[in-house]
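Student: I have a model to go through with you. Can we take it in short steps?

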Amino acid sequence: MRTVEEHRAALVGLVSALPPVTVGLTESLGRVLAADVVAAVDLPGFDNSAMDGYAVRSADVVGATPASPAVLEVDGDIAAGDTRAHVLRAGASMRIMTGAPMPEGADAVVPVEASDGGVSRVALTLAAEAGRHLRRRGEDVRAGDVVLRAGVRVTPGRLALIAAANVPDVLVLPLPRVHVLSTGDELVPVGLPLEHGQIVDSNGSMLAALIRAAGAELVGVGHLADDADAWRSLLEQVPGEPDLILTTGGVSMGAYDTVKEVLSATGTVDFVKVAMRPGMPQGGGVVGDRRTPIITLPGNPVSSFVSFHVFVLPVLRALAGLDPEPVTTDSVASQGWSSIPGKVEFTRVVVDADGARPSGGQGSHMLGALADATHLAVVGAETTEIRPGDGVHLLPLVGEDSSRGHR
Ligand code: AMP
Ligand code: MG
């Protein structure tokens with residue numbers, strides 16, 4: 001029997017990092033930068049006004065107050081987007097709008113609120129000192145500055161910075177492309193009537209959702225009956241040239257465990273028992289001419305879900321060029337529970353301000369309790385009892401608000 005760590009290492013060893021890809025700015029949202037982003041321009045790109053008002057030489061408004069305004073001629077308007085080179089005469093002002101370039105010679109702006117709004121001549125009631133209401137060229141960012149480091153995820157705010165820095169494309173980590181295959185004669189697509197003995201292929205939907213929520217790309221979701229020939233022909237040519245194939249079901253000890261039967265015969269996929277609960281039957285290897293990595297997850301929905309977090313997430317991280325080590329957090333048990341000896345148990349738990357408690361029925365077929373869970377508590381093989389107040393190690397669930405996600 002393998003340990004969880006041994007099996008994780010074996011699966012991570014099947015893949016290597018995909019090359020980073022260049023994407024346009026819009027597409028970069030949510031992606032992790034694979035290279036530093038360097039500003040192409042100064043921000044601001046030119047000295048400009050922070051207010052609608054009057055560009056002045058500060059020396060011309062010294063001592064201006066409402067009782068004794070400075071009266072200046074107005075030499076015209078400068079709107080935002082004006083590309084002409086204006087020069088401000090001594091003793092004059094120019095009406096200027098927010099974001100418009102400052103005329104040469106001006107060193108301050110008097111806001112329109114501190115004026116009589118004049119257009120040929122204006123009375124200014126504020127003694128704006130040099131630099132008042134100005135945005136200086138390069139005060140935010142200098143051309144050539146690294147504005148974002150490789151490894152950070154592009155959020156809307158960072159995307160705005162990249163755009164303002166006039167960088168149209170960025171190098172990002174690839175989204176691993178994953179194909180999901182469910183197996184079993186009993187499975188029916190969601191929404192169709194079920195006959196006695198049939199169930200919905202919920203794992204197909206679940207794994208597709210996990211892949212998307214983990215920031216990978218889903219290239220296909222298929223279903224195959226427990227039919228060896230169908231499996232053989234599919235594996236010869238998996239559509240979409242995925243970077244990873246995930247199967248669910250057909251890997252336990254039953255008579256119709258076709259995935260295991262067909263893939264064992266290839267000699268390139270290993271089927272093993274892992275000392276964990278749920279999720280003991282596991283497998284992985286490579287298939288087809290392209291030697292596509294494949295991970296065969298168990299069919300029980302909860303086993304499949306847990307296995308995704310424990311084994312597939314690290315493989316997706318490795319494919320994306322990230323450290324595959326799972327991100328864990330710590331909490332304390334707000335309620336006790338028991339655990340079997342000899343296997344690592346992944347208890348579905350709800351974590352709130354009081355700590356972690358089991359989220360309900362823990363059977364590997366029980367989806368009700370799974371839907372409430374926020375984390376998996378990782379209970380060591382030697383631990384048989386968790387008492388209230390004990391420290392617990394947690395794997396955040398993908399897509400949970402509290403989760404830091406796959407990257
Ligand atoms: P298997 O590993 O194929 O023996 O399946 C183990 C259990 O998981 C059985 O109860 C199956 O009906 C169930 N199961 C297998 N695949 C799926 C699936 N795609 N969606 C929901 N349940 C499944
Ligand atoms: Mg089956």
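Student: Among contacts between residues at least 6 apart in sequence, what percentage join residues at least 24 apart?
Tutor: This is a predicted model. Take the contacts in the protein chain between residues at least 6 apart in sequence. The share of them that joins residues at least 24 apart is 71%.

Student: Which helices and strands make up the chain, by number?
Tutor: Helices and strands are counted separately. The protein chain has seven helices. Its strands number 27.

Student: Is the chain more spread out or less spread out than a compact globule, and what is its radius of gyration?
Tutor: For 407 residues the globule rule gives 22 Å. The chain is well over that, so it is more spread out than a compact globule. Its radius of gyration is 31 Å.

Student: What box do the C-alpha atoms fill?
Tutor: The box is taken along the principal axes. Its dimensions are roughly 95 × 50 × 40 Å.

Student: What percentage of the residues count as buried?
Tutor: The cut-off for buried is under 20% relative accessible area. Of the 407 residues, the share that counts as buried is 46%.

Student: At what angle do the axes of α1 and α6 cross?
Tutor: Helix α1 covers residues 4–12, and helix α6 covers residues 301–319. Their axes come within 9 Å. α1 passes α6 in a right-handed crossing. The angle is roughly 35°.

Student: Which residues of α6 make that contact, and how do the residues of the contact divide?
Tutor: From α1 come Val4, His7, Arg8, Leu11 and Val12. From α6 come Val310, Phe311, Pro314, Val315 and Ala318. The residues of the contact divide into eight nonpolar, one polar and one charged.

Student: Is Ser304 buried or exposed?
Tutor: Ser304 is found in helix α6. Leaving out residues up to four places away in sequence, Ser304 touches Asn203, Met206, Leu207, Thr248, Leu297 and Pro298. Its relative accessible area is 0%, so Ser304 is buried.

Student: And Ser58: buried or exposed?
Tutor: Ser58 sits in the loop between β4 (53–56) and β5 (70–78). Its contacts, not counting residues up to four places away in sequence, are Asp107, Ala108, Ala128, Glu129 and Ala130. With a relative accessible area of 14%, Ser58 is buried.

Conventions
Residues are numbered from 1 along each chain as its sequence is written. Chains are lettered from A and ligands numbered from 1 in the order in which they are written. This is a predicted model: local features need pLDDT of at least 70, side-chain atom pairs count only at pLDDT 80 or more; totals for chains, interfaces and linings use all residues. Side-chain values use heavy atoms; hydrogens and water are left out. Axes are lines fitted to C-alpha atoms, for helices over the stretch in contact, and angles run from 0 to 180 degrees between N-to-C directions. Helices (H or I, at least four residues) and strands (E, at least two) are DSSP runs, numbered from the N terminus. A crossing is left-handed if the near helix is turned anticlockwise from the far one by less than a right angle, and right-handed if clockwise. Contact means heavy atoms within 4.5 Å. Ala, Val, Leu, Ile, Met, Phe, Trp, Tyr, Cys and Pro count as nonpolar, Asp, Glu, Lys and Arg as charged, and the others, Gly among them, as polar. The radius of gyration is taken over C-alpha atoms; the globule rule is 2.2 Å times the number of residues to the power 0.38. Buried means under 20% relative accessible area, exposed over 50%, partly exposed in between (1.4 Å probe, protein chains only).
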